[in-house]
Amino acid sequence: MKPEVMKRSAMKRVLLVALTSLVALAGCHSFKKENVQPPTPLAKDFKPTVQVTRVWTNSVGEGAGESGVRLRPAFADGVLYLASTDGKISAIDAASGKTLWSKSSRTQGWFGWGDKKRADAFYAGGPTVVGDLLVVGTLDGHVYGINAKDGSPRWESVVNSEVVASPAIAGNLVIARTGDGRLYGFDSSTGERRWVYDQGNVPLLSLRGEGPLLVANGVVFFGSDDGKLIALRLDTGDKLWEQRLASGEGRTEIDRLSDADGGILLDGSTLFGAAYHGNLVAVDGPSGRPLWGRPFSTFTSLDIGNNALFGVDADSQVWAFDKNGGADMWKNDKLKYRWLTGPAVQGDFVVVGDLEGYVHWLQTGDGALAARERLSKKPIRAQPLVVGDTVFVVDVKGRIGAYRLAAH
């Protein structure tokens with residue numbers, strides 16, 4: 001890795017204002033002392049209106065740990081894939097929770113090269129899986145292609161900075177994003193580099209994290225660290241268009257933070273994106289033309305269900321918006337300052353995790369709290385993953401739980 005790139009990447013990590021990392025304050029004695037709003041207490045007399053069953057639990061390594069990244073599982077063909085920043089990667093049967101295979105990296109150079117005393121493969125970006133190819137990025141600037149059937153290595157590529165966003169797999173290409181503002185296109189069979197897109201100037205002060213990449217119709221979509229929605233050609237990496245989600249204006253560096261750290265949603269031909277200190281915006285996918293926008297500050301991903309968009313704002317209030325014009329449908333502030341994950345739609349409910357390991361279900365119709373379970377006492381940062389009638393939730397220590405709603 002080039003010294004100047006390492007320095008820029010390190011500075012970005014040091015000077016970030018990681019609002020989501022405030023979950024670490026959950027164990028502090030005084031939120032006033034830390035100048036942080038205390039989490040809203042959970043109602044002790046809460047009565048659920050829907051029954052939730054925890055089907056199974058398992059764990060993978062030490063999870064995201066203190067890294068601040070959101071390690072969300074991937075799903076394909078009945079199997080969940082999970083990774084951890086301490087070098088563990090596992091495949092778990094989604095129905096039973098049984099571990100199918102697990103690999104642990106303990107050498108510098110995942111394929112066995114270099115100093116044996118150093119651990120490598122600090123998995124942080126992904127995993128992503130399509131067919132029998134699993135791809136994951138690391139904190140120390142690697143992208144690995146892995147056989148999804150047994151965890152055996154296929155290829156390794158080196159990049160200039162950490163990879164904390166989930167890569168994308170599309171046809172014969174793997175697209176990976178790095179913390180220094182670049183996107184890379186790799187051959188999915190060999191890991192050979194095909195193209196590089198460089199965003200140029202990346203803000204020195206930034207929130208921790210980057211949203212997953214979206215690939216559709218030969219185009220790569222992503223939200224940038226300076227508050228833009230950007231579209232690239234999949235085959236060449238050339239920029240097609242960009243649309244601003246946040247102005248990046250303000251009197252101080254903190255006021256000017258405008259990261260788009262959530263994933264971009266696609267519904268038909270319409271894209272939806274949002275940014276911290278910015279707006280929720282609907283954009284025509286082919287042209288990049290804005291359709292509507294409204295103020296909404298968030299650093300997590302959105303989700304969509306029927307005619308509604310669901311989001312969690314920077315104060316951890318849960319919102320529902322009309323996807324056709326952005327009008328408010330409802331807002332729930334009962335979980336304010338609990339530093340919620342991005343929402344996931346599970347049937348008629350929206351699921352979020354919080355800083356104390358609780359999982360909450362809200363009704364999509366009116367936002368009323370419907371159920372609550374506790375996965376652990378550790379923060380949950382990754383957006384829950386819904387597959388069929390089951391939602392999978394992972395905490396920062398690598399514990400995963402599968403939850404199913406009773407028929408209603």
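The legends below accompany close-up views of a predicted model.

**View 1. The largest pocket and the residues around its centre.** The largest pocket holds about 800 Å³ of space, and its lining is made up of 39 residues. Among these, Arg72, Ser166, Pro212, Leu213 and Gln383 lie nearest the centre of the pocket. Sorted by class, the lining comprises 21 nonpolar, 12 polar and 6 charged residues.

**View 2. Strands that contribute to the lining of the largest pocket.** At least two lining residues come from each of strand 2 (74–76), strand 6 (123–130), strand 10 (168–170) and strand 18 (265–267). Strand 6 gives the most to this lining, supplying 7 residues.

**View 3. Pairing of strand 8 with strand 7.** Strand 7 (residues 133–138) pairs with strand 8 in the antiparallel sense over 5 bridges, and Gly137 stands opposite Val143 of strand 8. The hairpin formed by these strands has 3 residues between them, and within this hairpin Gly141 takes a positive phi near 85°.

**View 4. Pairing of strand 8 with strand 9.** Strand 8 and strand 9 (residues 153–158) run antiparallel and are joined by 5 bridges, with His142 standing opposite Val158 in strand 9. In their hairpin, where 5 residues lie between the strands, Gly151 adopts a positive phi near 80°.

Definitions and conventions. Residues are numbered from 1 along each chain as its sequence is written. This is a predicted model: local features need pLDDT of at least 70, side-chain atom pairs count only at pLDDT 80 or more; totals for chains, interfaces and linings use all residues. Side-chain values use heavy atoms; hydrogens and water are left out. On a 1 Å grid over the protein atoms alone, a cavity is a set of points where a 1.4 Å probe fits but cannot get out, and a pocket is an open set with protein on both sides within 12 Å along at least five of seven lines; lining residues have an atom within 4 Å of a point. Grid points are joined across faces, edges and corners, and a volume is the space filled by probe spheres set on the points. Helices (H or I, at least four residues) and strands (E, at least two) are DSSP runs, numbered from the N terminus. Ala, Val, Leu, Ile, Met, Phe, Trp, Tyr, Cys and Pro count as nonpolar, Asp, Glu, Lys and Arg as charged, and the others, Gly among them, as polar. Two strands pair if DSSP finds at least two bridges between them.
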